[in-house]
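I set down here what I looked up in this model, entry by entry.

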Amino acid sequence: MPDDDAAERGFLAGSSYHDLKYSQTRAPRGSYPQLLARWLLDNVYERPGRLLDLGSGRGDHLEAFAELGFDVTGVDIAPRSVEMGGRFRVEIVDLEAERLPFEPASFDHLFSKSVLEHLRNPASFLSGARAVLRPAGRIAVFTPSWEHTYRRIFYSEYTHVRPFTRQSLDEALTLAGFENVEVRPFLQLPFVWRRPGLAPLAGVVRALPLRYRPLDDAPWPDAVNKLIRFSKEVVLLGTATSPS
């Protein structure tokens, strides 16, 4: 069966999409990748090891995990990711159509953030990723929560094609052959990770009709804008293990 979307993926991979997506206006650099990597080490992975970033983009998370002692490798569809990844190994792979260029069971951990929603066939992609994960290795995958983003946020990103609920992400990971699957909403607000009792504050902010960048021309200082944005842009965190 011909891949009707291959031409579009090829166009985007060779275009300025990554420069637009990771521009200083849309994605200013900050400490979030380091904070998230530390949280995942403490709460999901438990110890450093060989980690594959599925959709490594600008390489922010490669750097963050490397700082914690992980041996990191990235894959992405865009050749610009090799340059953006700097000193780290990044392989160029069409995640919808090509096999990962690694030996079976060659990674201890898999990480994927903001990738599944761009794929039309996420279960088969996750199955291929599981093949390069060692037995009992763990995956952490983040994707927007449709329950929280369906009104306006999800399709503001041109390349989003596959929304997820808790149930559908659970099913995708299960169909891909993972075990011990757990899926839950995740607030991208580090102060909530440290003090979970403050989570209701994000719920109050989420309920208010507040505008924020980059969706709108909003006047807030950066700290206030982040509180508004990431109170509203809730993601799902799916964790699972490869069969022993």
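I began with strand 4 (residues 107–113): six of its seven residues are buried, so the strand is largely enclosed by the rest of the structure. I took buried as under 20% relative accessible area, exposed as over 50%, and partly exposed as in between, with a 1.4 Å probe and protein chains only. Helices (H or I, at least four residues) and strands (E, at least two) are DSSP runs numbered from the N terminus.

The model is predicted: local features need pLDDT of at least 70, side-chain atom pairs count only at pLDDT 80 or more, and totals for chains, interfaces and linings use all residues. Residues are numbered from 1 along each chain as its sequence is written, and side-chain values use heavy atoms, leaving out hydrogens and water.

Next I looked up the partners of strand 4, where pairing requires at least two DSSP bridges between two strands. Strand 1 (residues 50–54) pairs with strand 4 in the parallel sense over three bridges, and Leu52 has Leu110 as its bridge partner. Strand 5 (residues 133–144) also runs parallel to strand 4, joined by six bridges; Phe107 stands opposite Leu133 there.

Of its 29 residues, Leu52, Leu100, Leu110, Leu126, Leu173 and Phe178 touch the most other members. Elements giving two or more residues to this core include strand 1, strand 4 and helix 6. I noted that another core, of 23 residues, lies apart from it, with Leu36 and Phe88 among them.

Definitions and conventions. Core = buried A, V, L, I, M, F, W, Y, C linked by side-chain atoms within 4.5 Å.
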